[in-house]
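Visitor: I am new to this structure. Please walk me through how to read it.

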Amino acid sequence: MRLGKSSEESEAAELNHETNNRIKVCIMNISSEDRKVLRGLAWEVAKIAETPLMTERRDLWFRHNRMEKVRPVVYVDPQGAWCELVPDQVLLCREQTAREIERELRHRIYMAEHFASDNVIEKEWIVRKVIRSSGWGLESHREYSENSRGAFGFSPVIETPGDLKKLRIPEITYDEAATHGQEKLFQTLFGDILTIRLKGVYTLSYHLMNQFTALRGLQEVFMDMIENPGMVHDAMAFLEEGHRQILRQYIEQNLLSLNNDNTAIYTSGYGYTDELPKPGHESSPVRPEDMWCWAEAQEMSAVSPEMHEEFVFPHEKRLLEPFGLNGYGCCDDVTKKLDFVLTVPNLRKVSVSPWADVGLCAERIKENVIFMWKPQPANLVGNFNKSNVQSYLRHTVEVAKAQGCTLEIVLLDTHTCEYHPERFDEWTAIAHQVVTDW
């Protein structure tokens, strides 16, 4: 069973994270009342974005990502807990699409007003190109919990090696008319307040084992590694080639967009960097070498490093090779896997999960790449103890500093704060104090 956020990741992996717009394409009209609400919130966002604090934070991220000797950065995304921080009851818009836009604007304002982290608010609104995928030929079958925020299980749709033949390499198409309709709507809505930026594919990441286990089943894949390893190898080879061809289609249709800005690079913080795009970009469309990318295989947490390296890592490594800067890992413990993880081409960040040995990871990572640490989100539930949070964060900061690491602290995967939103305020205040003591 996987929790709610993982459900989103699984669905996104199947579509390579790029084929759905956050705001539905079916936007037609926004009422004058809703328009007034949205424009008012957009003005608040614009004012926040122009404050000196946001300039300072942005500059800090640029220096951090080029691995200068600066204090650790702190990035926070409440994810599953957002509904407790900004509940539906506070939304003023009536039409559903307007409410989605309102929710996003309120999230930005809430972060600025409550979090003492290094989150950056930009004076912009991203309009995503409408990109469609024909799919992989099979769709996962999920058994959902009756709880709207509960877990789900998989019913395998791939049961034999022969079922792999049902998979198809997706065909990617760009709906230019729908895209320009979206862009025009937002320009009209608040283009005089926020910069409207049109982007195509700008959040690339690879999740091959997540994708396959969603079709085959996690337990079944584990058994296959022992009883039918050829089936797993064939599946990974097909998915690798499929994603390679998807990337080719993106390039041919000029659908890639830069992510060297406030884009959250999969499981880490922002992509602000002046190392991208690479020279030559000025005279050509965006290329893979101009972008950040990421890969992870959390499903391999339960198997040996040797099996991880055998079954999935070579495929991920080859997919990451064309990109300018890369990251690896997510919630999986990479402590015993760093020997091969650190061979990823153009690697800049490694995710060190709450279950990793931060001491051993720091000794191995040192100054080689950014030590992107994900502290335990469970500290925001149960008995919230400020003293324990402080000592917990300080320990990793001290360990990383002793080894000369470039440290990035990223609080994610918070499915709930038990309806105590003030805990995020307190946690970020503690984290800010700890890193400024660096």
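The dialogue below goes from the whole protein to single residues.

Visitor: What kind of model is this, and how are residues numbered?

Guide: This is a predicted model, where local features need pLDDT of at least 70, side-chain atom pairs count only at pLDDT 80 or more, and totals for chains, interfaces and linings use all residues. Residues are numbered from 1 along each chain as its sequence is written, and side-chain values use heavy atoms, with hydrogens and water left out.

Visitor: How many helices and strands are there?

Guide: Helices (H or I, at least four residues) and strands (E, at least two) are DSSP runs, numbered from the N terminus. The protein has 15 helices and 12 strands.

Visitor: What does the radius of gyration say about the protein?

Guide: The radius is taken over C-alpha atoms, and the globule rule is 2.2 Å times the number of residues to the power 0.38. A compact globule of 438 residues would come out near 22 Å; the protein has 22 Å, so the two agree. Along the principal axes, its C-alpha atoms fill a box of roughly 60 × 55 × 55 Å.

Visitor: What share of the residues counts as buried?

Guide: Buried means under 20% relative accessible area, exposed over 50%, and partly exposed in between (1.4 Å probe, protein chains only). Here 55% of the 438 residues count as buried. The accessible surface is about 18700 Å², and 50% of that belongs to carbon and sulfur atoms. Those areas come from the Shrake-Rupley method with a 1.4 Å probe; for residues, only the protein chains shown count as cover.

Visitor: What share of contacts joins residues 24 or more positions apart?

Guide: A contact means heavy atoms within 4.5 Å. Among contacts with a separation of 6 or more, 76% are between residues 24 or more positions apart.

Visitor: Which residues of the largest nonpolar core touch the most other members?

Guide: A nonpolar core is a set of buried Ala, Val, Leu, Ile, Met, Phe, Trp, Tyr and Cys residues joined through side-chain atoms within 4.5 Å. The largest one has 126 residues, and Phe 190, Leu 204, Tyr 250, Phe 371 and Trp 427 touch the most other members. Helix H9 (residues 229-252) gives the largest share of this core, 8 residues.

Visitor: Where does Trp 427 lie, and what does it contact?

Guide: Trp 427 lies in helix H15 (residues 422-436). Its relative accessible area is 1%, so Trp 427 is buried. Beyond four places in sequence, its contacts include Val 74, Val 76, Phe 384 and Leu 411.

Visitor: What about Phe 190?

Guide: Leaving out neighbours within four places, Phe 190 is in contact with Leu 38, Arg 39, Ala 42, Ile 101, Leu 105, Trp 125 and Ile 196.

Visitor: How are two packed helices described?

Guide: They are described by the angle between their axes and the distance between the axes. Axes are lines fitted to C-alpha atoms, for helices over the stretch in contact, and angles run from 0 to 180 degrees between N-to-C directions. Helix H8 (residues 218-227) packs on H9 at about 115°, with axes 5 Å apart. H8 brings Val 221, Asp 224, Met 225, Ile 226 and Glu 227; H9 brings Pro 229, Met 231 and Val 232.

Visitor: Is Asp 224 buried or exposed?

Guide: Asp 224 has 6% relative accessibility, so it counts as buried. Beyond four places in sequence, Asp 224 contacts Arg 216, Pro 229, Met 231 and Val 232.

Visitor: Is Arg 348 buried or exposed?

Guide: Arg 348 is buried, at 13% relative accessible area. Arg 348 sits in strand E10 (residues 347-352). Its contacts beyond four places in sequence include Glu 275, Trp 292 and Ile 370.

Visitor: What do most phi values and peptide bonds look like?

Guide: Most residues other than glycine have a negative phi, and most peptide bonds are trans. Here the bond from Leu 276 to Pro 277 is cis, with omega near 0°. Pro 277 is in the loop between H9 and strand E8 (292-295).

Visitor: Which residues have a positive phi?

Guide: Asp 413 is one of them, with phi near 60°. Tyr 419 is another, with phi of about 60°. Asp 413 is in the loop between strand E12 (406-411) and H15, and Tyr 419 lies in the loop between E12 and H15. Asp 413 counts as buried at 19% relative accessibility, whereas Tyr 419 is exposed at 58%.
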